[in-house]
Amino acid sequence: MVKISIIIVNYNGLEHLDDCFKALNNQTYKDFETIMVDNGSKDSSVEFVQKNFPSVKIVKLSKNLGFTGGNNAGIKAANGEYILLLNNDTYADKDFLRNYVKEAENHKGIGMFSPLVLFYYERNKINSTGLIIFKHGVGRDRGFLEDVGTEFPSEIFGASGVSCLYKREMLEDIKLNNEYLDEDFFAYNEDLDLAFRAQLRGWKSRYVPSAKLYHKLNSTSKKIPNLRLYCGERNKILFMIKDYPFKILIKFLPFIMFRQIISLAYHLSKFRFVVIRARLDTLKLLPKFLHKRKIIQKNILVSNKEIESWFAKVNLFAVK
């Protein structure tokens, strides 16, 4: 068994692959395997990787299963003790894996790790230092758009989907219906959902600033019109239905309803009618998510008091 399995989901991302895989080839830490899951790309991504990076294991999917389905396929093909999900539009510092593994090995009780993610084209600006969550169900990247300064390791709520290192033991503990990431989400909020489910089972998360990564941001999602808005609006609601304990859901309901009203009004004022379809599709998925909820809620290992401590001060007018 290798120490780390790196899983990179690709959809027509040929222009990013050379940077991404060269950075992995230049890592000072070598005990890893790399798996590219191709989500039915129409460009020559697969042929390019086969020719230029022959050590990369390729999982070819016949159609686009999204970030969630693609990563699940990769995890099932992986042999690592740790699973590292990595966006294809990233460039890793040469000591990225070494520092990631060092922190993980020093904290055996932690299940999730998130690196210091900087913008690829503005390397003094932070993209993410992990996830934060608000009472109304919105997740955000910690430190987004802040200047990078002196960074210290710390406990955080969850790991950002740009790059998240998961202990395999944790993934096996929280998987649901043989899925690690919820495939009904397709993309967006899947990292928030996974982090919440892991926290419900007592798994903690840690920020690792010495593991440094550069990200081009939204390079894949922009190729699919309205994907981010549709999935984001739908998945926020599904996430709360599925994961929030009943008493937490009732207590936070005023925040949730106010945020939903503000968000819907804002997007409709911009003629973004896809938000209506997102909410209608939420209703279609409701029976399925209520079944998932039943399984998750009966396996919670932490108190409601601890769950409330995970939430940041709410910004009711955050609509994006």
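**Exercise 1. Strand β6 and its partners**

Task: In this predicted model, in which sense do β6 and strand β7 pair, and over how many bridges?

Solution. Step 1: strand β7 covers residues 126-128, and its pairing with β6 is antiparallel, over 2 bridges. Step 2: for a residue-level check, look at Val117, which stands opposite Ser128 in β7.

Task: In which sense does β6 pair with strand β11, and in which sense with strand β12?

Solution. Step 1: with β11 (residues 163-167) the sense is antiparallel, over 2 bridges. Met112 has Tyr166 as its bridge partner in β11. Step 2: with β12 (residues 204-215) the sense is parallel, over 9 bridges. Here Pro115 stands opposite Val208 in β12.

Task: How many of the residues of strand β6 are buried?

Solution. Step 1: the strand runs over residues 110-119. Step 2: the cut-off for buried is under 20% relative accessible area. Step 3: 10 of the 10 residues are buried, so β6 is largely enclosed by the rest of the structure.

**Exercise 2. Two aromatic pairs**

Task: How many aromatic pairs are counted, and what is the geometry of the pair formed by Phe119 and Phe144?

Solution. Step 1: the count comes to 18 aromatic pairs. Step 2: the rings of Phe119 and Phe144 lie 5.7 Å apart, centre to centre, with 70 degrees between the planes. Step 3: planes over 60 degrees apart count as edge-to-face, and the pair of Phe119 and Phe144 is edge-to-face. Step 4: Phe119 is in strand β6 and Phe144 in the loop between β9 (139-141) and β10 (154-156), so the pair links distant parts of the chain, 25 residues apart. Step 5: Phe119 counts as buried at 10% relative accessibility, whereas Phe144 is partly exposed, with a relative accessible area of 40%.

Task: Which parts of the chain does the pair of Phe252 and Phe311 tie together?

Solution. Step 1: the pair is edge-to-face, at 5.0 Å centre to centre and 80 degrees between the planes. Step 2: Phe252 lies in helix α8 (residues 246-269) and Phe311 in strand β13 (residues 311-312), so the parts tied together are 59 residues apart in sequence. Step 3: Phe252 counts as buried, at 1% relative accessibility, and Phe311 is buried with a relative accessible area of 10%. Step 4: Phe252 and Phe311 also belong to one aromatic cluster with Phe157, Phe196, Phe239, Tyr244, Phe255 and Trp310.

**Exercise 3. Charges over rings**

Task: Over which ring does the charged end of Lys292 sit, and over the face of which residue does Lys242 lie?

Solution. Step 1: the charged end of Lys292 is over the ring of Phe289, 4.2 Å from its centre. Step 2: Lys242 lies over the face of Phe185, at 5.3 Å from the ring centre.

**Exercise 4. The second largest pocket**

Task: Which element gives the most to the lining of the second largest pocket, and what classes of residue does this lining hold?

Solution. Step 1: the space in this pocket is about 220 Å³. Step 2: the lining includes Ile237, Met240 and Ile241, as well as Leu249, Leu253, Gln260 and Arg279. Step 3: α7 (227-243) and α8 each supply at least two lining residues, and α8 gives the most, with 7 residues. Step 4: by class, the lining has 9 nonpolar, 1 polar and 1 charged residues.

Methods: Residues are numbered from 1 along each chain as its sequence is written. This is a predicted model: local features need pLDDT of at least 70, side-chain atom pairs count only at pLDDT 80 or more; totals for chains, interfaces and linings use all residues. Side-chain values use heavy atoms; hydrogens and water are left out. Buried means under 20% relative accessible area, exposed over 50%, partly exposed in between (1.4 Å probe, protein chains only). Helices (H or I, at least four residues) and strands (E, at least two) are DSSP runs, numbered from the N terminus. Two strands pair if DSSP finds at least two bridges between them. Rings of Phe, Tyr and Trp (its six-membered ring) pair if their centres lie within 6.5 Å; planes under 30 degrees apart count as stacked, over 60 as edge-to-face and the rest as tilted. A charge sits over a ring if NZ of Lys or CZ of Arg is within 6 Å of the ring centre and within 35 degrees of the ring normal. On a 1 Å grid over the protein atoms alone, a cavity is a set of points where a 1.4 Å probe fits but cannot get out, and a pocket is an open set with protein on both sides within 12 Å along at least five of seven lines; lining residues have an atom within 4 Å of a point. Grid points are joined across faces, edges and corners, and a volume is the space filled by probe spheres set on the points. Ala, Val, Leu, Ile, Met, Phe, Trp, Tyr, Cys and Pro count as nonpolar, Asp, Glu, Lys and Arg as charged, and the others, Gly among them, as polar.
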